[in-house]
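Follow the charged side chains through this fold. The paragraphs below take the pairs in turn.

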Amino acid sequence: MTSTPSICVIIAAKNASATISRAVTSALAEPEVAEVIVIDDGSTDHTSRAAQGADDGSERLQIIRFDENRGPAAARNHAIDISSSPCIAVLDADDFFLPGRFANLLALPDWDFVADNIVFIDESHANTASVEVPAFQPTSSLIDLENFVAGNISRRGKSRAETGFLKPVMRRAFLDAFDLRYRQELRLGEDYDLYVRALAKGARYRVSNVCGYGAVVRHNSLSGQHRTEDLRRLYEADRAILQSGDLTSEAAKVIRQHERHIRERYELRHFLDLKRNEGPAAALRYALLHPLALPAIAGGILADKAERFRSPALESANQGSGPALRYLLPITAAPAQK
């Protein structure tokens, strides 16, 4: 592929007036971008106006407003359906592309989905990210279904490093060939679910070591908030994939592990919701009536208590350490220039 504009960038946004301009500007700055479609998903602030203010006059920006919030999956599906570019890329309204991202990705061979590393940046340092992010070795490899799913089973006490966070460029032809779209009932893990279903259909998913996506860490980010119900829908999505019949035995095994991981998180959250809303007796009654949930509830409560003891020490150790960047995937530095 060449630098001919061939990518539609989709930005689903709700109450993102503070960040949407940066996101739109970064997308329009990439010469490979033919369209930027912002879906204002029922915002109650000035998200649409702020997005319009970032227009560069190239007639590539389109803003659609939903009167009521439908969720990121529905917003992205609508944008895919009204776009015409052969490639689709998703950008969260909090985030931004680093310069040259698509030139690096489109130069890679043999893919239906192609993603790069993500750098997590504190909001106060986001505007200098392109200067602070160093060059990395321009290598890439294909990721298979088993490794992708395994990369989404997070470990308590470790930084989140979930491969479902990756933001690939997706070939429309592959999505259309297998009638793949986001599951609109999901408001958590909708990306993970789409990529798993694509990999089950044989998608070639290439991941580059180069870093081209900046994810801004905001304490009030909507993407960092989810309901207990969202966890239930996510493990039910895993079950639907398991019932599809498209999986090898190894793929089915690791998806069952992910389903169990999410279901355990759900059971703990549901127990705590009952305790908070209906009292300890209601929570205990639920636990006794659902003995299979007991290990998840007990283990989660003990782990949370241990985490609280560790947190003050970690916070103290990190004070004054400066705005260190964190990357989603392990990195390989480029050789030093002579």
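**Salt bridges across the chain**

Asp116 and Arg101 are both buried (under 20% relative accessible area; exposed is over 50%, partly exposed in between, with a 1.4 Å probe and protein chains only). The two form a salt bridge, with their closest N and O atoms 3.0 Å apart. The term means a side-chain nitrogen of Lys or Arg within 4 Å of a carboxyl oxygen of Asp or Glu. Asp116 sits in strand β6 (residues 113-122) and Arg101 in helix α4 (residues 101-106), so this pair links distant parts of the chain, 15 residues apart. Helices (H or I, at least four residues) and strands (E, at least two) are DSSP runs, numbered from the N terminus.

This is a predicted model: local features need pLDDT of at least 70, side-chain atom pairs count only at pLDDT 80 or more, and totals for chains, interfaces and linings use all residues. Residues are numbered from 1 along each chain as its sequence is written, and side-chain values use heavy atoms, with hydrogens and water left out.

The structure holds 23 salt bridges. One of them joins Lys167 to Asp92, with the closest N and O atoms 3.2 Å apart. Lys167 lies in the loop between α6 (145-150) and β8 (169-171), and Asp92 in the loop between β4 (87-90) and β5 (96-97), so the pair ties together parts that are 75 residues apart in sequence. Lys167 is buried at 7% relative accessible area. Asp92 is buried too, at 19%.

Now turn to Arg227. Its salt bridge is with Asp230, the closest N and O atoms being 2.9 Å apart. Arg227 is partly exposed at 42% relative accessibility, whereas Asp230 is buried at 4%.
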